[in-house]
Amino acid sequence: MKEKVVSAAQAAQMVESGTHLGVGSGMDMNPMPVVREIIKKGVTDLALTSVLTGGYVADLLIGAGCVASAQFPQIVMDEFGLAPQFRKYSESGRLLNLETM
């Protein structure tokens with residue numbers, strides 16, 4: 001049987017610049033080790049889709065300059081309010097936003 005468990009660094013190696021990447025879920029169950037490795041790797045031009053809502057990891061990836069476009073119903077930090085990097089990049093026109101339902 002083929003081994004399916006990989007390290008965070010190995011998982012991040014599967015993400016190349018221009019990849020369509022799905023992340024989720026607000027402030028819970030975020031794959032932080034993988035996201036940190038993606039940022040360290042210097043990936044750019046990601047098409048990010050948040051499932052159901054984007055939260056901390058989406059905001060980190062956007063703030064690190066990894067994301068070119070985001071498709072989302074919302075990207076928030078739950079009880080902490082708006083996602084600051086998402087707002088900053090959206091208002092400056094550096095992030096293409098695609099609304100989804």
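Mentor: The account below goes through the sheet strand by strand, together with the helices beside it.

This is a predicted model, in which local features need pLDDT of at least 70 and side-chain atom pairs count only at pLDDT 80 or more, while totals for chains, interfaces and linings use all residues. Residues are numbered from 1 along each chain as its sequence is written, and side-chain values use heavy atoms, with hydrogens and water left out.

Four strands form an open sheet in the order β1-β2-β3-β4, with parallel pairing. Strands (E, at least two residues) and helices (H or I, at least four) are DSSP runs numbered from the N terminus, and two strands pair if DSSP finds at least two bridges between them. β1 (20-24) and β4 (96-99) stand at the edges with a single partner strand each, so one side of each is left without a neighbour in the sheet. On average, neighbouring strands are turned by 25° against each other, direction ignored; axes are lines fitted to C-alpha atoms, for helices over the stretch in contact, and angles run from 0 to 180 degrees between N-to-C directions.

β1 is joined to β2 (residues 46-51) by five bridges, and the two run parallel. Within this pair, Val23 stands opposite Ser50 in β2. Helix α3 (residues 56-63) packs on the sheet and touches β1, β2 and β3 (67-72), its direction making about 140° with that of β1. Contact here means heavy atoms within 4.5 Å.

Helix α2 (residues 32-41) has Met32, Val35 and Ile38 as its buried residues, buried meaning under 20% relative accessible area with a 1.4 Å probe, protein chains only. They cover an arc of only 120° around the axis, which puts them on the same side of α2; the arc is that of the directions from the helix axis to the C-beta atoms. These buried residues pack against α1 (8-13), β1, β2 and α3. Just after α2, Gly42 has a positive phi of about 80°.

Four bridges pair β2 with β3 in the parallel sense, and Leu46 lies opposite Val67 in β3. Together, β2, α3 and β3 make a right-handed β-α-β unit; right-handed means that, with the strands pointing away from the viewer, the path from the first strand over the helix to the second runs clockwise.

β3 and β4 run parallel and are joined by four bridges, with Gln71 opposite Leu98 in β4. From β3 the chain crosses through helix α4 (residues 84-91) to β4, in a right-handed β-α-β crossover.

Definitions and conventions. Buried means under 20% relative accessible area, exposed over 50%, partly exposed in between (1.4 Å probe, protein chains only).
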